[in-house]
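Hi everyone, thanks for making time this morning. I'd like to walk you through one structure, so please have a look at it while I talk.

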Amino acid sequence: MESSKRSIARKAMTAVIGAVAVVIATAATVWAADNLVPTQTYSPTCSAGGDTSGVLCKTDGGWWYFYSQSSLEAGDKTRVADVLNDEYAPTDLAVAQDTSPTYSGADETDLILKESAVPGTNDGITWCNDPTSGYECDQHYVDIQPDLYSSRGLICHEAGHAVGLTHGAQAYPVQSQTDPALGCLRTPIGATQDNLGSQQVTNINLIY
Ligand SMILES: [Zn+2]
């Protein structure tokens with residue numbers, strides 16, 4: 001009787017230790033680094049700017065409205081909607097497509113995508129049009145190089161910058177630019193890197 005009770009207790013304790021180990025292992029694989037601004041590595045305040053300003057900003061709160069301008073082909077618009085619905089809508093961001101975009105005032109459409117010449121060798125670039133306060137921006141633009149096939153990976157990457165997600169070099173602790181934990185925020189952007197990934201989902205849900 002006595003020894004069987006001890007055996008049950010030991011089994012229970014082993015199960016508890018096992019459960020704790022599983023929780024720790026899960027946490028370690030889900031959350032690898034903070035790569036949403038501001039991080040301890042990268043914390044400039046949001047500023048408006050042309051395509052080359054390079055400052056990453058969060059989107060301001062509430063709904064996250066996106067709109068694809070007419071410069072994007074039908075296929076691009078479909079892919080934009082698919083990526084935002086597949087990768088971002090399952091997070092705590094309240095994603096919605098705007099049918100009638102707003103370009104002025106205090107509540108502009110949050111994310112405007114269009115074709116426009118991208119400086120340098122990049123295929124796309126994200127920039128803030130209207131910083132509000134601190135690290136937030138009321139309206140982001142994503143420019144996609146004209147006549148380029150806008151892959152799911154490229155859209156996922158640039159949309160990520162529009163909610164403040166960084167590359168590995170700006171994460172804390174700093175990660176390799178090609179760390180698989182960065183999902184579609186890896187750089188250079190690859191054709192198969194079209195998923196947001198659990199690290200980014202965790203960081204988005206911590207902030208929004
Ligand atoms: Zn990037």
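I'll start with the metal site, go on to the helix around it, and finish with the salt bridges.

One thing to keep in mind: this is a predicted model.

Let's begin with the zinc ion. Which residues coordinate the zinc ion? They are His157, His161 and His167, each through its NE2 atom, at 2.0 to 2.1 Å. If you follow these donors along the chain, you'll find the spacing H-x3-H-x5-H. His157 sits in helix H3, which covers residues 152-161, while His167 belongs to the loop between H3 and helix H4 (198-207), so this pair ties together parts that are 10 residues apart in sequence.

Now, is His157 buried or exposed? With a relative accessible area of 2%, His157 is buried, as the cut-off for that is under 20%. His161 is also among the buried residues of H3.

On to the charged pairs. The model has five salt bridges, and I'll show you a few.

Please find Arg152 in helix H3. Its side chain meets that of Asp86 in a salt bridge, at 3.3 Å from N to O. Asp86 lies in helix H2, so the pair ties together parts that are 66 residues apart in sequence. Both ends are partly exposed: Asp86 has a relative accessible area of 42%, and Arg152 has 24%.

Arg152 also forms a salt bridge with Asp194, where the closest N and O atoms are 3.8 Å apart. Asp194 is in the loop between H3 and H4, 42 residues from Arg152. Asp194 counts as buried, at 19% relative accessibility. Through shared partners, salt bridges join Asp86, Glu87, Arg152 and Asp194 into one network.

Last, take a look at Lys114 and Asp143. Their salt bridge has its closest N and O atoms 2.8 Å apart. Lys114 and Asp143 are both buried.

That's my tour, and I'm happy to take questions.

Notes. Residues are numbered from 1 along each chain as its sequence is written. This is a predicted model: local features need pLDDT of at least 70, side-chain atom pairs count only at pLDDT 80 or more; totals for chains, interfaces and linings use all residues. Side-chain values use heavy atoms; hydrogens and water are left out. Donors are N, O and S atoms within 2.8 Å of the metal (3.2 Å for Na, K and Ca); water is not among the atoms, so sites may look incomplete. Helices (H or I, at least four residues) and strands (E, at least two) are DSSP runs, numbered from the N terminus. Buried means under 20% relative accessible area, exposed over 50%, partly exposed in between (1.4 Å probe, protein chains only). A salt bridge is a side-chain nitrogen of Lys or Arg within 4 Å of a carboxyl oxygen of Asp or Glu.
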